[in-house]
Amino acid sequence: MESVLRPLIVIGGSVVITLLVGWLVDLLLRRADSRHHETPLWGLLRRCRLPLQVVIITALLRGSYRATKIDWVRDHRAGIGQVLTLVLIGASAWLVVRIAATVVEASYARYATATRDPARVRRVRTQVTLIQRVVMAVVTVVAIAAMLLTFPPMRAVGTSMLASAGVLGIVAGVAAQSTLGNLFAGLQIAFGDMVRIGDTVVVDGEWGTIDEITLTFLAVRTWDERRITMPVSYFTSQPFENWSRGGVQMTGTVFFHLDHSAPVAAMREKLREILGDIAAWDGRDWSLAVTDTTPSTIQVRAVVTAKDADDIWTVRCAVREQLIGWLRDHHPYALPRIATAPAVLPPGEQWAELTGAKLGRAGRNGTAPPADRDDSKAPRTGRG
């Protein structure tokens, strides 16, 4: 009877204590969350209940499994103790990572709620994301090292490795030069505020948004939903455009190549009318001027503004489309001319050409225009 009750008490008691402690901790966290609405920390800590229970039950079984007095447990107590120790180390690492992630996420959520500057929020988000990854990597490495050191053969290996740590460090540093460079570049990006998650950038001619930043690579989501993965060391060694740094407001340009007879003043008035109907224009500034000329065309530049990169793209496309359509419908002579093809002339030139054609037809009909008459050959009358 004792051989049945003792294991039942040890295992059942461990389970009951684990469930009771988990329930009490969850109850306290719920009450703290209901009293402190200004921070989501207490509510997020409830996600740590499962790893906490695993740590508790593993620790209880690790300390009381020998009290079961079961024969097979006594015969394999070393192996069972080793397994429980490994599980305890892994569960403890899981709990530490979960708590660290919860604290970091709660801090970011509180900061994002209290701060109205989107650039600062993106910067903090980038920093906390990389901090969370660093903590996870450190805890994982320490946990694996602790698990390996629980094996007696590994202790001797660890001692010999420590004796040659200097040489191994140099060799590892040379072999992992690229990886370590990316690692330090990731930390530099996180705390140097060079680029943040959500920033609009132009990299290698590709326009996109920073979608993910890790310790080794960075992902850029382009406008057509592609993902460009680049090493983070690129952003510390190569120039790139960051349209979100120093504020999200943007100024954009639209260029037109037109004929020299283009009505620039009318275009300026039409641009003002078009911008008034575009919701994406923020109303800060606009202008239209002739910026260059060639023997065959002139270059007209329209300058517009918007509150961010997405809206400036919308404004530029709308201005380009509507101004070209207006010129095509009302001033077709302003469009670039091709020398080998007939072109539509401006209204004044059309009247002169029409008048010249009529005069030419009159001459061909036998009646010369007044300008073609030679008065020196006309008969003279009167005196002298």
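**Exercise 1.** Determine which kind of contact joins the side chains of Arg-221 and Asp-211, and explain why the pair ties together separate parts of the chain.

*Solution.* 
Step 1. Begin with the criterion: a salt bridge is a side-chain nitrogen of Lys or Arg within 4 Å of a carboxyl oxygen of Asp or Glu. Side chains of opposite charge can pair when their charged atoms come close.
Step 2. Apply the criterion. The N to O distance between Arg-221 and Asp-211 is 2.9 Å, and their side chains meet in a salt bridge.
Step 3. Locate the partners. Arg-221 belongs to strand 3 (residues 217–222) and Asp-211 to strand 2 (residues 206–213), so the pair ties together parts that are 10 residues apart in sequence. Strands here are DSSP runs of E with at least two residues, helices are runs of H or I with at least four residues, and both are numbered from the N terminus.

The structure is a predicted model, in which local features need pLDDT of at least 70 and side-chain atom pairs count only at pLDDT 80 or more, while totals for chains, interfaces and linings use all residues. Residues are numbered from 1 along each chain as its sequence is written, and side-chain values use heavy atoms, with hydrogens and water left out.

**Exercise 2.** Classify Arg-221 and Asp-211 as buried, partly exposed or exposed.

*Solution.* 
Step 1. State the classes: buried means under 20% relative accessible area, exposed over 50%, and partly exposed in between (1.4 Å probe, protein chains only).
Step 2. Arg-221 has a relative accessible area of 26% and is partly exposed.
Step 3. Asp-211, with 32%, is likewise partly exposed.

**Exercise 3.** Describe the salt bridge between Glu-225 and Arg-227 and the accessibility of each partner.

*Solution.* 
Step 1. The two side chains meet in a salt bridge with an N to O distance of 3.9 Å.
Step 2. Glu-225 is exposed, its relative accessible area being 54%.
Step 3. Arg-227 counts as partly exposed at 45%.
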